[in-house]
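Please look over the sequence and structure shown below before turning to the notes that follow.

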Amino acid sequence: MAEKVIQIEIKRQSGPDAPATWEKFEIPWKPGMNVISVMREIAANPVNANGQDTTPIVYDSNCLEEICGSCAMVINGKARMACSALVDKLEQPIRVQPLTKFPVVRDLSVDRSVLFENLKAVKAWVPVDGTYDLGSGPRVFPQQQEAAYPLSNCISCCCCMEVCPQFNDATGFVGAATIAQVKLFNSHPTGKVLKEERLRALAGDGGVQECGFAQNCVQVCPKQLPLTEAISDVTRDVTLQVAKDFLRA
Amino acid sequence: MAAPKIIVVGGGLAGLAAVIKIAEAGGNVDLFSIVPVKRSHSVCAQGGINAAKNLKGEGDTTWKHFDDTIYGGDFLANQTPVKAMCEAAPGIIDLLDRMGVPFNRTPEGLLDFRRFGGTLYHRTAFAGATTGQQLLYALDEQVRRYEAEGRVRKFEGWEFLSAVLDTEGVARGICAMDLRTMELTTFPADAIIIATGGIGAIFGKSTNSVVCTGSAQSALYQQGAWYANGEFIQVHPTSIPGEDKLRLMSESARGEGGRVWVPRTPGDKRDARSIPETERWYFLEEWYPKYGNLVPRDVATRAIHKVVYEHGLGIDGQPMVYLDLTHIDRATLNRKLEGILEIYEKFVGDDPRDVPMKIFPGMHYTMGGLWVDFNQMTNIPGVFAAGEAEYQYHGANRLGANSLVSCIFGGFVSGPNAMAYAKSLKAAQGDGGHAQELARQRELNQQLLSSKGKENPFRIWRELGETMTKNVTVIRHNKNIAETEAKIVELMERYRNIDLSDRSQWANTSFAFTRQLWNMLQISRVVAQGARLRDESRGAHYKPDFPERNDEKFLKTTKASFDAAANEPRFSFEDVDIQHIPPRPRRYDAAS
């Protein structure tokens, strides 16, 4: 009896400036495989579907539990995490390519440091006085915690930016993930001390005004963050802030 | 005098905690991490973080936390640092709360606490079932703040290869590899802190992340650092078996009332929900009436093994048992456990709110690690260690929700101690050993690149994982361990005949992996041989041929040092600090 095989095609690129090519593989099927385990099989036996020796696939991964945010890629046309992409639920040949809105490092590995820079620009932190013992934190009622917690689940995978039509060099849009973090920190009893600075950072070019309400972000988010709600809340706050600043001036 | 320069390697909770303390004290930090620090393995911790805040009117105290930790660790942990950790824990929770961690709350707006294994108190603060993620993000945000102020430089996408040691064996910096350009560079520092986590990868499949290879600890061990209690490996009772890894099903599932059971009839084919109560065996509740499903992990793991392999009662004849939450209402489950239930749903395809989960023990935590003194410094002057990478807080078995607190506490202790050390450090002779170390590491790279053998590194790794899991996890027999030791030696021989299918010098992940693999093989030997030498049963280390704890011979820390000439470990044993709590028998089945 013929062994069951998985057909997979992977877009490969040996470096940032190298041309991209598609390479096909046929990998023995095992129950419960995800896209990561297929790539591990390739690494253990780096031969493509034509029987030619090749190199292991380069990709980002770490936790394999969809919580570290590393392994985002485009699988069968959809931006998603490779660890939770189960082979048995995917149409074959499975087509895998790197995220398209970020510079390719090699194969499926891309540079997403722009998000971390954005988080710096909006001061996405609670400015505590210090780490010495200053007693307990502010009281937070369960209702507030339940509103904040979903926003705090963002894994920085950048899928929301990948699918956003407005996230591109022309607009310089920061994207949904950053805006959601602004909402999170602006709602924290201590974090909101920086609220005005965060809103001003989102006021100009590349800020909330760039959002085109395509709503792709909220559909693609693997952690189901309430992204569109966050964008509209923050947009409202930015508008108020701009008006206030205008009147003050 | 210029501000001291400290290098921190690893950007999980321990590393970030150290960075924050150093930056706060005016030091300058270079932070090295293979992955962007926000993607570190701490993100995977689920259930919570322990501190005796006593907010449930139970009379909990830091002493009881200390006693539970020492007892849970079967008296192998040095008591003084553990006592200090338990005393610091309530303050650490307050700090995290102030940093904005979205901990679950009581109706009055106070921190909520749940129960965890190995204690009878509600001592575990939690943020849904993604506590590690929330804690890591809080520290990551504080570090980003210092980064924006210029106090911290991040080197993400760099791998630590070795310490730079001067002619007197004092640390003067590190050698690291840029994982894009593959270039090697040495970086000067007055002290370094190793916070590189656990060593799960030597078992092939574990609950650990991909980067948890133990490579950094092993490299230091090969440079002369002692490695302590390597044989103590925690196998978590409830993981979800997978093709690529074992995914953790948090202890919080049991903390919130989850029950472990098997059908009383071997090979029962019925749907789990249709099996009546009288035909289910809640074996943990029957064997351990006081702690029930919340016995410590080593106890639960052995019980599951026994039910599956001795009683032959695994579900459908497979090595699996049920972990059942279906008696708890959906709203409560969603509020307290949603994160982990989603993992099960996503990776298995069943909704654990409706169907009992199928779980089995899986390698989870490294109790052993780099030997450190009470100031968190290894025996190499200037090299500190914190978090799972060192050995000091959990003895022979770690209690659930103690890891997060030990990581942050270890970081908080090592940071200021590294600063104090750095301030009194004398200037190095010559270049402090930088040129020599760089040359040594370049030579190692060159050897690999020019190797023209037949062995695939990923297949060697697979074989290593298989033999380690088979013989050096839950049940240990000396004969089988010896077999694994021989296998590791064989794999080391084969490693010398490696074939790199990718020799390019740009973002070559398989090259970086192959370098880690050698270090994995070395540390595996330490784990296996340490297990063979310890002829007793204590905590997670269980030998049927020596079923009792033997304090007279083995109430000792195992210390492995590397004999470079023989290319193998040498072992010695060190007395344990038991000045606060006299050792007593560890019995969770009896009223104690």
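This is a predicted model: local features need pLDDT of at least 70, side-chain atom pairs count only at pLDDT 80 or more; totals for chains, interfaces and linings use all residues.

**Briefing on chain B and its side towards chain A**

Helices H1(B) and H4(B) cross with left-handed geometry.

- From H1(B), the contact draws on B:Leu13, B:Leu16, B:Ala17, B:Val19, B:Ile20 and B:Ala23, while H4(B) contributes B:Leu135, B:Leu136, B:Leu139, B:Asp140, B:Gln142, B:Val143 and B:Tyr146.
- Sorted by class, the residues in this contact of H1(B) with H4(B) comprise 11 nonpolar, 1 polar and 1 charged.

**The side of chain B that touches chain A**

- Between the two chains, 57 residues of chain B are in contact with 57 residues of chain A.
- At least two residues of this side of chain B come from each of helix H1 (13–24), helix H3 (79–98), helix H4 (131–148), helix H9 (330–348), helix H12 (457–471) and helix H14 (509–533) of chain B.
- Of the elements on the side of chain B that touches chain A, H4(B) gives the most, with 8 residues.
- The class make-up of the side of chain B that touches chain A is 20 nonpolar, 17 polar and 20 charged residues.

**A sheet in chain B**

- An open sheet of 3 strands is formed in chain B, in the order S3-S5-S4 and with antiparallel pairing.
- Its edge strands are strand S3 (49–50) and strand S4 (113–115) of chain B, each of which pairs on one side only.
- S4(B) and strand S5 (residues 122–125) of chain B run antiparallel and are joined by 3 bridges, and B:Phe113 stands opposite B:Ala125 in S5(B).

**The loop residue B:Ile328**

- B:Ile328 lies in the loop that runs between strand S16 (321–324) and H9 of chain B.
- Because B:Ile328 has 17 C-beta neighbours inside 10 Å, B:Ile328 counts as partly exposed, given that a residue is buried at 20 or more such neighbours and exposed at 12 or fewer.
- Leaving aside residues up to four places away in sequence, B:Ile328 touches B:Glu256, B:Gly257 and B:Leu333.
- B:Ile328 and B:Asn379 are 51 residues apart along the chain, and their C-alpha atoms are separated by 50 Å.

Note on methods. Residues are numbered from 1 along each chain as its sequence is written. Chains are lettered from A and ligands numbered from 1 in the order in which they are written. Two strands pair if DSSP finds at least two bridges between them. Helices (H or I, at least four residues) and strands (E, at least two) are DSSP runs, numbered from the N terminus. Two residues are in contact if their C-beta atoms, placed from the backbone, lie within 7 Å. Ala, Val, Leu, Ile, Met, Phe, Trp, Tyr, Cys and Pro count as nonpolar, Asp, Glu, Lys and Arg as charged, and the others, Gly among them, as polar. A crossing is left-handed if the near helix is turned anticlockwise from the far one by less than a right angle, and right-handed if clockwise.
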